[in-house]
Every structure is written in structure tokens, then in C-alpha cells.
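Subject: Structure handover

Hello,

Here is the structure I said I would pass on. My notes on it follow below.

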Amino acid sequence: MADPEQSSLAGMVPVNVDGKDLLLKPGRLMTSLLEVGVEVPYRCWHPDIKQSGGRCRVCMCTVNGRLVPSCVTEVQPGTNVVTQSPMLEVLRADAFALGSGKVAHDVGADSPALKDIEDIVPFKVGKIRPDLG
């Protein structure tokens, strides 16, 4: 009889994420990362809509040193993925600001508009851009 742990690992893809060796399910990078508990912010992607994502650029990561939207990037064996860095935080905040039609730093830290933004995105704007909070 096959070892259940071995059979559950079959087909998994070895990837280095933020300095840690992980085994991810094949498929879209963001989906696989979220399944193992790695947080990646997103805006235009939805797990139940096959063609969603890739437009807002909020889920940007670096894969082997190259910026990619993680929601439309396939998991590849031996890939080096960075999901958190100061550069990514700034790029994500700016991508969100551009996509919202307002520049986030023009909203103001105590603005009701900023509170609305924080309610609809899966990350806190103040965490991404400390100058806003």
C-alpha cells in the first residue's frame, strides 16, 4: 500500500519562496502561495473566475529576479520567488493607487476614502505605505 504522505506530495513543485524551500501545487503561483499560507495582496483576481487577474498588478512578485503578476504566472520547478520586499510594497501600493483612479498619498491618512479603500483590499494601505498611516 502506498504511503499517504508520499502520494500527497506526488506532483508537487519544489520552489524557493522568500528564502524557504516549499512544495507547491502546480497551477497559478498566487493560488498555490495562498494555499500554503503565503500572503500575496491582490485586487482584480478571483479564485472562482478563470480569466480574472493580471490587470491591476497588485499581486506582483519577483520570479527569478523578474517582476511578474503572480495571479497569471505558472508555478515552475526550481523557481526563486520573492513575495515581500520594500520595492514590491511600493510597486503594489502605486499599482493599487493607479487602479483606484486616485493617488493614495493625495487621499490623506484620516480620510473616509482611505478607510473605504482599506475595507475592500486584502492588505492595509498603511502597512504597505507607512507614509499614509
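A residue is called buried under 20% relative accessible area, exposed over 50%, and partly exposed in between. By that scale R28, at 35% relative accessibility, counts as partly exposed. Please keep in mind that this is a predicted model.

Salt bridges

The count comes to two salt bridges.

R28 takes part in one of them, with E74 as its partner; the closest N and O atoms are 3.3 Å apart. E74 sits in the loop between β4 (66-69) and β5 (79-82), and R28 in the loop between β2 and α2, so this pair ties together parts that are 46 residues apart in sequence. E74 is partly exposed, with a relative accessible area of 38%.

Another salt bridge joins the side chains of K25 and E35, at 3.6 Å from N to O. K25 belongs to the loop between β2 (20-24) and α2 (29-35), while E35 is in helix α2, so the parts tied together here are 10 residues apart in sequence. Both side chains come from partly exposed residues: the relative accessible area is 46% for K25 and 48% for E35.

A buried position

T62 is in strand β3, which covers residues 60-63. Its relative accessibility is 10%, so T62 counts as buried, the cut-off being under 20%. Leaving aside residues up to four places away in sequence, T62 touches L67, N80, V81, V82, M87 and L88.

Regards

Terms used. Residues are numbered from 1 along each chain as its sequence is written. This is a predicted model: local features need pLDDT of at least 70, side-chain atom pairs count only at pLDDT 80 or more; totals for chains, interfaces and linings use all residues. Side-chain values use heavy atoms; hydrogens and water are left out. Helices (H or I, at least four residues) and strands (E, at least two) are DSSP runs, numbered from the N terminus. Buried means under 20% relative accessible area, exposed over 50%, partly exposed in between (1.4 Å probe, protein chains only). Contact means heavy atoms within 4.5 Å. A salt bridge is a side-chain nitrogen of Lys or Arg within 4 Å of a carboxyl oxygen of Asp or Glu.
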